[in-house]
Amino acid sequence: MPLATDPTVSKPRVLPFYRVVPRLLRDPVTELTRMGVEAEGGVVRLDIGPFRPYLVSHPDHVRQVLETRAAGFAREGVFWRPLPGGAGRGVLGDGDGWASGREILQPLLTASGVASPAEDIAGVVAGRVTALDEDARGGRLVDAAHLMATITDHVLVRVLFGGHVPPRAGEREAGERLLPDLAVCATAAGVRLPFPFVPYAMRAPGDSTFLDAARRIDDVVRPLIEDARAAEHRGGDAPGRPDAVVTSLIRARISEDGAGGADLPGRVRDDLVGVYGAAAETTATALTWLWTLLHDHPEVNARLRDEIEWVVGDGPVRPGHVQELTYLRMVLQELLRVHPPAWIIPRQAVRDTEIGGVPIAEGSQVLVSPYTTHRLEAFWERPAEFDPERWAPERHERRHPYAYVPFGAGSHGCPGQDLFHLQAALVVAALVGRYQPELANPQRFTPVPGAVVRPREAPLLRLLPGGRDEESRNGAWPSAVPLPAIGGGPAHDWTWPMGGGA
């Protein structure tokens with residue numbers, strides 16, 4: 001497909017208050033994306049009461065905001081206030097604190113960094129998947145979101161904390177408490193995202209839930225930091241310790257602020273919660289959506305199963321199999337196009353500038369929308385279709401480099417892409433290889449905005465026999481149990497937000 005050119009204009013398309021607010025109240029993700037698609041990637045200004053943010057989706061404009069003119073757009077402003085845990089001070093923020101934190105964490109998340117714990121990660125995934133045998137034999141339905149979150153959580157505990165997160169007295173493993181509370185924070189914060197100008201003195205739905213979850217996160221993370229800080233004072237060697245990442249962050253923050261720097265534990269806490277939450281939420285949520293897509297596209301599901309059986313055989317899935325699972329990689333790439341982890345990327349203009357010929361005044365809010373970018377017909381053939389074949393290596397399709405930005409781009413682009421593809425491939429291959437995961441409640445799943453976009457309804461899976469293990473082949477498991485009275489509605493219409501009745 002030829003690369004579309006920048007539609008240079010001097011004025012944005014302006015959507016008035018009476019048209020914008022009702023649509024955002026009804027379905028923020030779908031409607032915001034539809035606004036950008038209707039403008040064919042042109043800059044759109046949204047009238048949302050006290051302020052009027054710009055919606056940006058054309059790849060040329062995305063490049064300007066995130067790369068070529070990134071210095072003029074900071075991770076500041078009202079859209080950053082609702083994010084959990086004051087993340088703006090740490091690796092999700094800007095400035096020296098962000099740079100030093102990223103310098104420490106990025107090597108751990110790249111291809112070379114994840115190669116070291118890759119075998120351990122595969123073992124963690126295999127153990128969590130094998131533990132589902134009892135649910136499969138009993139015909140019990142499994143909440144896909146909870147399952148993906150649990151597996152992701154255990155993997156990240158291994159990567160970031162060396163596999164050891166000590167529990168507090170009388171409580172379950174701390175790592176298993178973190179992700180549910182981070183999910184609560186992300187979802188509760190999403191209530192404010194479309195209307196971040198509402199002052200915090202005015203309580204919004206979800207505020208109390210958010211604050212309670214944030215306190216529980218502190219109860220887990222701050223003791224870890226204090227323990228690592230005490231070990232650092234005793235002269236421990238960080239690289240050999242389970243808390244090596246925590247200790248390295250402490251050392252970086254001390255080098256910036258000194259040992260007596262203001263709220264050192266708080267800054268390290270923001271770093272850890274930021275990277276842990278970002279990595280966990282994006283992976284778990286993307287994989288949750290995957291099972292709805294595989295249900296709607298049985299031909300994709302069948303080909304994926306055939307490849308996994310051919311490549312992996314009867315043994316467990318190992319890291320060495322991942323690079324041979326070409327079609328699985330294509331499926332994951334298309335998954336990230338349809339459900340990009342970074343659904344909006346907020347920025348604030350720190351000086352007068354312009355985007356695509358549209359003047360942008362200092363202090364203006366800008367929303368980069370990968371959801372819209374991935375659905376622009378000028379850059380994607382049949383953008384409303386889920387088609388892994390568009391990623392086939394032999395197609396060599398020319399694309400604008402900023403037409404596909406599932407992890408953001410530029411200096412603030414997510415460094416965890418290699419970890420995502422390793423972990424996601426291991427999880428999918430292990431589940432599809434051992435069972436036949438079947439979506440038990442097909443319907444339209446409503447996208448709910450937050451730090452990521454999760455389905456409001458819980459996708460439920462039946463784990464039917466049919467994988468590689470000998471017991472399932474011999475028919476030892478019972479047939480599927482009847483679907484309980486939940487969900488309902490028409491068959492899931494994956495094509496939102498391009499159509500299909502919101």
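**Around Met148**

Author: Let's start with Met148, which touches Ala284, Leu287, Thr288, Trp291, Val427 and Leu431, leaving aside residues up to four places away in sequence. Keep in mind that this is a predicted model. Met148 belongs to the largest nonpolar core, which has 86 residues, and it is among those with the most contacts inside that core, together with Val125 and Leu431. Helix α17, residues 417-434, gives this core its largest share, 12 residues. Apart from that core lies another one, of 18 residues, including Val43, Val62, Ala349 and Val366.

Val62 takes us to helix α3, where Pro59, Asp60, His61, Val62, Gln64, Val65 and Leu66 are buried. That makes seven of the 10 residues in α3 (residues 59-68), so the helix is largely enclosed by the rest of the structure. What do those buried residues pack against? The list runs to β3 (54-56), β4 (73-74), β6 (345-349), β7 (353-355), β9 (365-368) and α16 (370-373).

Now for the rings, where the count comes to four aromatic pairs. One of them joins Trp391 and Tyr404; it's tilted, with 4.5 Å centre to centre and 50° between the planes. Trp391 and Tyr404 both sit in the loop between α16 and α17, 13 residues apart. Trp391 is buried, at a relative accessible area of 12%. Another pair is Phe407 with Phe420: the ring centres are 5.7 Å apart and the planes are at 65°, so this one is edge-to-face. Phe407 lies in the loop between α16 and α17 while Phe420 is in helix α17, so the pair ties together parts 13 residues apart in sequence. Both of these Phe residues, Phe407 and Phe420, are buried.

Ring pairs also link Trp380, Trp391 and Tyr404 into a cluster. Two arginines come in over rings here: Arg337 lies over the face of Trp380, at 5.4 Å from the ring centre, and Arg399 lies over the face of Trp391, at 4.2 Å from the ring centre.

The chain's mean pLDDT is 76, with 68% of its residues at 70 or more. Over residues 1-5 pLDDT stays under 50, and the model has 16 contacts beyond four places in sequence for them. Residues 82-88 also stay under 50, with 17 such contacts beyond four places in sequence.

Technical notes:
Residues are numbered from 1 along each chain as its sequence is written. This is a predicted model: local features need pLDDT of at least 70, side-chain atom pairs count only at pLDDT 80 or more; totals for chains, interfaces and linings use all residues. Side-chain values use heavy atoms; hydrogens and water are left out. A nonpolar core is a set of buried Ala, Val, Leu, Ile, Met, Phe, Trp, Tyr and Cys residues joined through side-chain atoms within 4.5 Å. Buried means under 20% relative accessible area, exposed over 50%, partly exposed in between (1.4 Å probe, protein chains only). Helices (H or I, at least four residues) and strands (E, at least two) are DSSP runs, numbered from the N terminus. Contact means heavy atoms within 4.5 Å. pLDDT is the predictor's confidence in each residue, from 0 to 100. Rings of Phe, Tyr and Trp (its six-membered ring) pair if their centres lie within 6.5 Å; planes under 30 degrees apart count as stacked, over 60 as edge-to-face and the rest as tilted. A charge sits over a ring if NZ of Lys or CZ of Arg is within 6 Å of the ring centre and within 35 degrees of the ring normal.
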